[in-house]
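Please keep the sequence and the model in view while reading.

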Amino acid sequence: KEKIKLTVHNTGKAIPKEDLPHLFERFYRTDGGYGLGLAIAQTIAKNHHGKITVVSAENSGTSFTVTLPVSKEKESA
């Protein structure tokens, strides 16, 4: 199946390794916020048969990638 990928890269401070496995858990907080945004994004991706992943490392920043299948259905006007 064809897939489309969208990657957002941040060159700022890396996310600590101990936080990475928990980022998509509802209400998990690292530096503020309410811990809902990534959980909602993951649910949306899954509902569209896709996924969202994160990679973070010192000196290279953080990348979030959303992968979704490409639909072959024609849109109706």
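The points below run from the overall fold to individual residues.

The model is predicted. Its chain holds one helix and three strands, and these elements follow one another in the order β-α-β-β along the sequence. Buried residues make up 22% of the 77 residues, and the largest nonpolar core consists of five residues.

**Overall form**

- The radius of gyration of the chain is 15 Å, whereas a compact globule of 77 residues would have a value near 11 Å.
- The C-alpha trace extends over about 45 × 25 × 20 Å along its principal axes.
- The accessible surface of the chain amounts to about 6400 Å², and carbon and sulfur atoms contribute 54% of that surface.

**Order of the elements**

- Strand 1 covers residues 3-10 and helix 1 covers residues 37-47, with a loop between them.
- Strand 2 covers residues 51-57, and another loop lies between helix 1 and this strand.
- Lys1 belongs to the segment before strand 1. Lys1 counts as exposed because its relative accessibility is 93%, and the cut-off for exposed is over 50%.
- Lys1 and Thr65 are 64 residues apart along the chain, and their C-alpha atoms are separated by 18 Å.

**The nonpolar core and Val54**

- The members of the largest nonpolar core are Ile15, Leu23, Phe24, Ile52 and Val54.
- Val54 is located in strand 2. Its relative accessibility is 18%, so Val54 counts as buried, for which the limit is under 20%.
- Leaving aside residues up to four places away in sequence, Val54 touches Ile15, Leu20, Leu23, Phe24, Thr62, Ser63 and Phe64. Of these, Ile15, Leu23 and Phe24 are also members of the core.
- Val54 and Leu6 stand 48 residues apart in sequence, with a C-alpha to C-alpha distance of 12 Å.

**Leu38 in helix 1**

- Leu38 is part of helix 1. With a relative accessibility of 28%, Leu38 counts as partly exposed, because this value falls between the limits of 20% and 50%.
- When residues up to four places away in sequence are not counted, Leu38 touches Leu23, Phe24 and Phe64. Leu23, Phe24 and Phe64 are also among the residues that Val54 touches.
- Leu38 and Ile15 are 23 residues apart along the chain, and 14 Å separates their C-alpha atoms.

**A nonpolar patch on the surface**

- Phe27, Tyr34, Leu36, Ile40 and Ile44 form a nonpolar patch on the surface. Together these residues have about 560 Å² of accessible area.
- Phe27 contributes to the patch from the loop between strand 1 and helix 1.
- Phe27 has a relative accessible area of 51%, which means that it is exposed, as the cut-off is over 50%.

**Positive phi angles**

- Most residues other than glycine have a negative phi. Two residues in this chain may be read against that background.
- Phe27 has a phi near 70°, a positive value in a residue that is not glycine.
- His49, which is not a glycine either, has a positive phi of about 65°.
- His49 is placed in the loop between helix 1 and strand 2. The relative accessible area of His49 is 70%, and therefore it is exposed.

Methods
Residues are numbered from 1 along each chain as its sequence is written. This is a predicted model: local features need pLDDT of at least 70, side-chain atom pairs count only at pLDDT 80 or more; totals for chains, interfaces and linings use all residues. Side-chain values use heavy atoms; hydrogens and water are left out. Patches are made of residues with over 30% relative accessible area and no salt bridge: like charges are joined within 9 Å, nonpolar side chains (Val, Leu, Ile, Met, Phe, Trp, Tyr) within 5 Å. Accessible areas come from the Shrake-Rupley method with a 1.4 Å probe; for residues, only the protein chains shown count as cover. A salt bridge is a side-chain nitrogen of Lys or Arg within 4 Å of a carboxyl oxygen of Asp or Glu. Helices (H or I, at least four residues) and strands (E, at least two) are DSSP runs, numbered from the N terminus. Buried means under 20% relative accessible area, exposed over 50%, partly exposed in between (1.4 Å probe, protein chains only). The radius of gyration is taken over C-alpha atoms; the globule rule is 2.2 Å times the number of residues to the power 0.38. A nonpolar core is a set of buried Ala, Val, Leu, Ile, Met, Phe, Trp, Tyr and Cys residues joined through side-chain atoms within 4.5 Å. Contact means heavy atoms within 4.5 Å.
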